[in-house]
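I opened my notebook to record what I looked up in this model.

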Amino acid sequence: MKHLFFLIALVATPAMAQDFSEGSEAKTWNLYAEQPARFEAKVVDILCELTGDCPDNCGAGNRQLGLVRSADNVLVFPNKNAQAAFTGAVQELLPYCTQTVEVDGLLLEDEYLGAKNIYLVQRIRVLDSDEWVRANSWTKVWAENHPDAAGKGPWFRRDPRVLAEIASEGYFGLGLVQDEEIKDDLFE
Amino acid sequence: MKILSSALFACSVLSAAQASAAEGERISVKGEIIDTWCYFSGVMGGPDAVVGTAHHTCALWCSAGGIPVGLLAEDGTVYMVLKIEDSTDNASGDTQLRLASHVVEADGMFYERDGLNYLIVEEVVSDLDIQNLSHDSYGPVPPFAVPEADQ
């Protein structure tokens with residue numbers, strides 16, 4: 001009977017949190033819950049993975065991409081690329097749609113906030129290559145897609161959709177009249 | 001052998017139960033459409049500072065930048081939003097951008113996988129616009145979100 005309980009426990013117990021920091025060269029962001037993590041994983045379209053709704057090419061950059069970790073089949077959610085510019089990870093991972101790659105970055109686990117298997121990807125390597133690719137291409141892709149928004153300053157000050165939202169609803173989102181009142185209160 | 005057979009049967013039952021936990025469940029939920037990276041990472045401040053009016057402009061930037069949006073429910077649960085009605089553009093999509101910081105009542109399908117919650121919004125039952133006037137406590141987050149704050 002003791003053997004039975006042992007076998008059941010072995011299968012039934014969810015995988016304990018593992019340490020994937022070995023060999024990682026991830027740069028710290030000094031985040032409360034960060035841990036360096038380097039691992040092999042398959043790049044997947046998360047909506048496809050969960051629901052079976054699977055377009056070609058993982059959604060061509062319009063869908064969030066996940067990493068199904070080879071070691072334990074856990075679905076890791078890369079929220080962020082390596083740029084400090086309010087930019088996600090989709091453009092970085094899209095070239096590797098459905099491929100198994102090695103990634104290096106920061107894993108976030110914060111039980112209080114519900115953060116589990118959240119990832120900041122800093123570099124990516126195809127398995128049969130020695131070359132790592134930095135996960136910092138988002139702003140270049142944005143510039144190529146927005147030639148009319150060329151100019152000085154960071155992309156988020158020039159993005160047409162962001163500018164349209166702010167022009168319509170203000171920086172605080174409550175409408176232009178309230179926006180001016182809030183700014184008067186805060187800054188004058 | 002009998003013990004082993006029993007164990008394998010028990011394991012198969014448990015595995016089936018675990019697999020079914022990943023299947024969708026229909027839910028109705030009310031909450032704010034948030035920027036998940038700022039919320040989870042704390043990079044811009046604590047969780048109360050990265051929601052509502054204070055963080056609205058940053059939420060626009062992050063949504064446009066392809067950072068996943070979530071729905072922060074009234075009980076504190078965060079759902080990663082993968083679809084809103086007809087829009088599967090869950091990375092930098094127009095619908096997600098338009099709803100940044102808004103409180104919505106949503107009907108849809110809930111999935112759980114490896115400790116994260118996922119939501120397929122089938123219907124935005126009501127869009128209650130921005131409800132959390134967090135700028136009263138925090139001003140703009142980050143401060144440079146509003147150009148006047150830098151002057």
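**Entry 1: one helix of chain A**

I began with helix α5(A), where P160(A), A167(A) and S168(A) are exposed on one side. The model is predicted, so I kept in mind that local features need pLDDT of at least 70. Next I asked which residues of helix α5 (residues 160-169) of chain A are buried. I found V162(A), E165(A), I166(A) and E169(A). An α-helix has 3.6 residues a turn, so residues three or four places apart point the same way.

Then I looked up what the buried residues of α5(A) pack against. Their partners are in chain B: α3 (56-64) and α4 (94-98). I also checked what comes just after α5(A). There G170(A) takes a positive phi of about 85°.

**Entry 2: where the chains touch**

I wanted to know how many residues of chain A are in contact with chain B. I read 52 residues of chain A against 53 residues of chain B. Several elements of chain A give two or more residues to this side, among them α2 (46-51), β3 (75-80), β5 (115-126) and α6 (176-187). Helix α5(A) is also one of these elements. Which element gives the most? The answer is α1(A), with 6 residues.

**Entry 3: chain A as a whole**

I counted 6 helices and 6 strands in chain A. From the N terminus on, the order is α-β-α-β-β-α-β-β-β-α-α-α. Chain A is divided into domain 1 (17-135) and domain 2 (146-187). I looked up how far apart their C-alpha centres lie, and the value is 31 Å.

I then checked the overall dimensions. A compact globule of 188 residues would have a radius of gyration near 16 Å, but chain A has 21 Å. The C-alpha atoms of chain A fill a box of roughly 75 × 40 × 35 Å along the principal axes. Of the 188 residues in chain A, 39% are buried. I also noted the contacts in chain A with a separation of 6 or more: residues 24 or more positions apart account for 58% of these.

**Entry 4: confidence in chain A**

The mean pLDDT of chain A is 92, and 91% of its residues reach 70 or more. Where is the pLDDT below 50? I found this over residues 4-15 of chain A. Beyond near neighbours in sequence, that stretch has 13 contacts in the model.

**Entry 5: chain B and its strands**

I turned to chain B and found 5 helices and 5 strands. Along the sequence the pattern is α-β-α-α-β-β-α-β-β-α. Buried residues make up 50% of the 151 residues in chain B. Among contacts in chain B between residues at least 6 apart in sequence, 71% join residues at least 24 apart.

Last, I followed strand β1 (residues 25-35) of chain B. It pairs with strand β4 (residues 102-113) of chain B in the antiparallel sense over 8 bridges. Which residue in β4(B) is the bridge partner of E25(B)? I found F110(B) there. Strand β1(B) also runs antiparallel to strand β2 (residues 69-73) of chain B, joined by 5 bridges. In this pair D35(B) stands opposite V69(B).

Methods
Residues numbered from 1 in each chain as written. Chains lettered and ligands numbered in written order. Predicted model: local features only at pLDDT ≥ 70, side-chain atom pairs only at ≥ 80, totals over all residues. Pairing = 2+ DSSP bridges. Helix = DSSP H or I, 4+ residues; strand = E, 2+ residues; numbered from the N terminus. Rg over C-alpha atoms; globule rule 2.2 N^0.38 Å. Buried ≥ 20, exposed ≤ 12 C-beta atoms within 10 Å, placed from the backbone. Contact = placed C-beta atoms within 7 Å. pLDDT = per-residue confidence, 0-100. Domains from an automatic or database assignment.
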